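Subject: Structure handover and notes

Hello,

Here is the structure, with my notes on it below. Please read the conventions along with the findings.

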Amino acid sequence: MAIETIEFKSKKYLAFQANGNSVRFVKGFVDEICKADYDKGEFGYNIGAGRPEWNYPEKAIPIDLDYNNGYDALNLPQKGASYICAFHLLEHTPNYVQVLKYWYDNLKEGGTVFLYLPHPDQERWLPQYNPKHFHIFYPKDIAKCLEDLGFKNVFHSERDLYWGFTVVGEK
């Protein structure tokens, strides 16, 4: 069986990138970073969760405009989250700095943020080709933004085979 590809601007990419559910490529890292003692009432959010079956961690409170429940990236049900995850979501927000500040304020002390973002080397994800994307980020730039906003223990990866990267930080 051949590796399925898609082509954009004369470049080939792995076809599964167009199927959504990007969290499947970073679940191991999510398990290490996004922890909550649910038995003691701790909680976390998956913002931009998409389909219910894509929610991860499984006990995360899913926040997505598709759920039509009044919550979104700038309106969470309660403060004090142990973690906030966002998988290919931040590039869809008009003011990502405002969003990151809001998330910082909604994390408990020691809470973590986990971002999985599209890498700008994948041209089909650039805002000029994808009208749903307001921004595109390089790993070191979004990591610096988190640091500037007060996050500590900020780490970032580089581009993976999904043409995404991870940035994590702690309040």
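Contact here means heavy atoms within 4.5 Å. Helices (H or I, at least four residues) and strands (E, at least two) are DSSP runs, numbered from the N terminus. This is a predicted model, in which local features need pLDDT of at least 70 and side-chain atom pairs count only at pLDDT 80 or more, while totals for chains, interfaces and linings use all residues. Residues are numbered from 1 along each chain as its sequence is written, and side-chain values use heavy atoms, with hydrogens and water left out.

The sheet

Six strands form an open sheet with mixed pairing, in the order S4-S3-S5-S6-S8-S7; two strands pair if DSSP finds at least two bridges between them. The edges are strand S4 (61-63) and strand S7 (152-156), each of which has a single partner strand, so one side of each is left without a neighbour in the sheet. From one strand to the next the twist averages 15°. Angles run from 0 to 180 degrees between N-to-C directions, and axes are lines fitted to C-alpha atoms, for helices over the stretch in contact. S3 and S5 run parallel and are joined by 4 bridges; Asn46 has Cys85 in S5 as its bridge partner.

Helices on the sheet

H2 lies across S3, S5 and S6, and runs at about 145° to S6. H3 also packs on the sheet, where it touches S6, S7 and S8, and its direction makes about 15° with that of S8.

Buried means under 20% relative accessible area, exposed over 50%, and partly exposed in between (1.4 Å probe, protein chains only). The buried residues in H3 are Pro139, Ile142, Ala143, Cys145 and Leu146. Their arc around the axis is only 155°, which puts them on the same side of H3; the arc is that of the directions from the helix axis to the C-beta atoms. H2, S6, S7 and S8 are among the elements that cover these buried residues. Lys140 and Asp148 are exposed, on the face of H3 turned away from its buried side. After H3 comes Gly150, with a positive phi near 110°.

Cores

A nonpolar core is a set of buried Ala, Val, Leu, Ile, Met, Phe, Trp, Tyr and Cys residues joined through side-chain atoms within 4.5 Å. The largest has 29 residues, and those with the most contacts inside it are Ile47, Leu90, Leu100, Trp103, Leu115 and Ile142. At least two residues of this core come from each of strand S3 (44-47), strand S5 (81-87), helix H2 (96-106), strand S6 (107-118), helix H3 (139-148) and strand S8 (164-170). Another core, of 17 residues, lies apart from it and includes Val30, Cys34, Ala60 and Tyr116.

Which residues does Leu90 touch, not counting residues up to four places away in sequence? They are Tyr96, Val99, Leu100, Trp103, Leu115, Leu117, His135, Phe137 and Ile142.

Loops

The loop between strand S2 (11-14) and helix H1 (27-33) holds Ser22, and Asn21 is also placed between S2 and H1. Ser22 counts as buried at 6% relative accessibility. Leaving out residues up to four places away in sequence, Ser22 touches Phe87, His88, Tyr116 and Tyr162. Asn21 is buried too, with a relative accessible area of 19%, and has a positive phi near 55°, although it is not glycine.

Ser10, in the loop between strand S1 (5-8) and S2, also has a positive phi, near 65°. Ser10 counts as exposed, at 69% relative accessibility.

Finally, the peptide bond from Tyr56 to Pro57 is cis, with omega near -10°. Pro57 sits in the loop between S3 and S4.

Regards
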